[in-house]
Amino acid sequence: MTYKTSRILSSEITPAKVWLQRRDVLTMGAALAIGASLTQSGHAASLAVSRSDYNVPDKPTPKKDVIGYNNFYEFGLGKEDPAAKSGDFKALPWSVKVDGMVARPTTFALEDMLKLFPPQERVYRMRCVEAWSMVIPWDGFPLSALLDPVEPLGSAKYVAFESIVRPSEMPGQRGAFQSLPWPYVEGLRLDEARHPLALLAVGVYGETLPNQNGAPIRLVVPWKYGFKGIKSIVRITLTDKPPKNTWNLAAPSEYGFFANVNPSVHHPRWSQASERRIGSSGLFGSSRVPTLMFNGYADQVAGLYGGMDLQASF
Ligand code: MTE
């Protein structure tokens, strides 16, 4: 399997080994370029993503919408509940445990994770899509920065994620009516998780991640629908079995494991051919734009799904 992008010069690519060593001294070149090698299905594959791949030309969604129109059921069902009801949530201190099929299980303190990359190298503007979409200037770093140091075993094929359970600070986790089973859980295939565009976000719009957006650390997988972006992560577990994911558990016929953005695979209750771009002005409120395959990141990620029936594996 070969990955290629049309916007990368070989001189811009830093081999993964060099990149990982350099992380300690934070001397990466001005144009961030990441080279990684994957061994999915036994084939060595080269993969390269340039700094420009992290940015999209689209106008960013206004900040008030990014931090005011959210899904975070631990704080309620309404889109305005997370901003209104997450004030009691304490995102510090925080750590993420990375365990399972790994040689070196590790608990990463938030402050150590923040040191992995200097802030100026953590800014990415990416699309985020569901039936509605936003273009969000995330501040984050590749998820692989936590996966590589723990040394996944050869038997590990998937990565499972778990959010925090803290009913005393999360009103949606209290009371007789529970919208979802807790903790919120998600999963990726290991090769997806190692893709340089799979990020852990720690900030947005140049500020520390607000509670409603998943403080202090959440997943951003820009070629997948928004529900894959699990918030307030406390545990990441390497496994050999496909992990459960909350929306698939809640409505298996509507939400699959992969959830790749795909304009030709429709949700049973709505078309996914176009999306309502929040904050953009159209005749009747936000304007609709055509949805792109893999949310516009096909050049970078289509190779992950070679030979798969994306209608069946939705
Ligand atoms: N993570 C947790 N823990 N709880 C949630 O309810 N909602 C998901 C995802 N991550 C959710 C979650 C859904 S449905 C979406 S669309 C995105 O978060 C929304 O992220 P945003 O509010 O930052 O746009």
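**Figure 1. The lining of the largest pocket holds 17 nonpolar, six polar and six charged residues.** Here Ala, Val, Leu, Ile, Met, Phe, Trp, Tyr, Cys and Pro count as nonpolar, Asp, Glu, Lys and Arg as charged, and the others, Gly among them, as polar. This is a predicted model: local features need pLDDT of at least 70, side-chain atom pairs count only at pLDDT 80 or more, and totals for chains, interfaces and linings use all residues. Residues are numbered from 1 along each chain as its sequence is written, and side-chain values use heavy atoms, with hydrogens and water left out. The pocket is lined by 29 residues. N71, E130, W132, G226 and F227 lie nearest its centre. Two elements give two or more residues to this lining: β5 (123-129) and β6 (132-142). β6 supplies the largest share, four residues. (Strands are DSSP runs of E, at least two residues, numbered from the N terminus.) The volume of the largest pocket is about 540 Å³. (On a 1 Å grid over the protein atoms alone, a pocket is an open set of points with protein on both sides within 12 Å along at least five of seven lines; a cavity is a set where a 1.4 Å probe fits but cannot get out; lining residues have an atom within 4 Å of a point. Points are joined across faces, edges and corners, and a volume is the space filled by probe spheres set on them.)

**Figure 2. The ligand sits in the largest pocket.** (To sit there, more than half of its atoms must lie within 2 Å of the pocket's grid points.) There are 16 residues around the ligand. N70, Y73, E74, G229 and K231 come nearest. (A residue is near if one of its heavy atoms lies within 4 Å.) By class, this shell has six nonpolar, six polar and four charged residues.

Figure 3. Taken alone, the ligand exposes 540 Å², and the protein buries 98% of that. (Areas come from the Shrake-Rupley method with a 1.4 Å probe.)

**Figure 4. Two cavities of 30 Å³ or more lie in the structure.** Rolling a probe the size of a water molecule over the atoms shows where empty space is left. The largest cavity has a volume of about 90 Å³. Its lining has 14 residues, with C128, V220, V221, G226 and G229 closest to the centre. β5 and β11 (218-220) each give two or more residues to that lining. Eight of the lining residues are nonpolar, two polar and four charged.

**Figure 5. The second largest cavity holds about 40 Å³ of space.** V129, E130, A131, Y225, W270, S271, Q272, S274 and T291 line this cavity. Four are nonpolar, four polar and one charged.

Figure 6. Most residues other than glycine have a negative phi, and most peptide bonds are trans. P183 is in the loop between β7 (158-163) and β8 (185-189). P216 is in the loop between β10 (207-208) and β11.

**Figure 7. S232 has a positive phi.** Its phi is about 45 degrees, although S232 is not a glycine. S232 is in the loop between β11 and β12 (233-239).
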